[in-house]
Amino acid sequence: MQKIGFGGGCHWCTEAVFQAIKGVCLVEQGFIASNGKNHSFSEGVIVHYDPKTISLYLLVEIHLNTHKSTSAHSMREKYRSAVYYYSSSQKKLVVDILNELNKKFDTNLVTEPLVMKCFKKSPEHFQNYYNSDPERPFCRTYIKPKLDTVATNFSSSAEINSKNTF
């Protein structure tokens with residue numbers, strides 16, 4: 001089992017996206033801080049995955065395509081676009097993946113590789129947000145379209161968990 005952190009849009013959305021992917025064993029939703037200018041907490045998730053089932057490359061590709069990874073919008077402090085690594089070897093891999101995937105976008109990625117410094121879990125009543133009630137207006141409006149993107153664009157390369165109903 002390996003783990004990697006992701007930040008981008010709302011952590012409720014990011015949690016649901018990765019819960020939908022086979023090979024992802026656990027998604028911890030909360031707030032992540034890194035170093036330097038990124039020391040403040042930003043919404044994010046820690047994804048625990050089986051690299052024999054799903055590659056880090058594919059996880060990063062899914063992440064980049066399910067949030068505004070090329071937009072330097074005004075809410076980036078709360079919704080930092082990042083891949084949080086745990087080791088220098090993982091950092092090198094993440095940097096290489098981001099550089100390769102950047103070529104697939106018309107606009108350069110704003111997503112940064114950042115060291116995982118600190119994680120604070122969200123309160124229990126926000127955990128498993130989508131799966132606990134997918135009919136909430138927020139879920140239908142914001143999360144469901146991201147799950148549809150995963151199902152449409154990645155179903156041939158990533159197995160989708162049957163527990164998530166699209």
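Reader: What are the ground rules here?
Author: The model is predicted: local features need pLDDT of at least 70, side-chain atom pairs count only at pLDDT 80 or more, and totals for chains, interfaces and linings use all residues. Residues are numbered from 1 along each chain as its sequence is written, and side-chain values use heavy atoms, with hydrogens and water left out.

Reader: Salt bridges. How many in the whole structure?
Author: Six. The term means a side-chain nitrogen of Lys or Arg within 4 Å of a carboxyl oxygen of Asp or Glu.

Reader: What does K78 pair with?
Author: E43. Their closest N and O atoms are 3.8 Å apart.

Reader: Where do K78 and E43 sit in the chain?
Author: K78 is in the loop between α2 and β4 (82-85), and E43 is in strand β3 (residues 42-49). They are 35 residues apart and link distant parts of the chain. Helices (H or I, at least four residues) and strands (E, at least two) are DSSP runs, numbered from the N terminus.

Reader: Is E43 buried or exposed?
Author: Buried, at 7% relative accessible area. K78 is partly exposed at 40%. Buried means under 20%, exposed over 50%, partly exposed in between (1.4 Å probe, protein chains only).

Reader: Which residue does K144 meet in a salt bridge?
Author: D148, at 2.7 Å, N to O. Both lie in helix α5 (residues 137-154), four residues apart, about one turn of the helix.

Reader: And E100?
Author: E100 meets K103 at 3.4 Å, N to O. K103 is exposed at 65% relative accessibility, while E100 is partly exposed at 38%.
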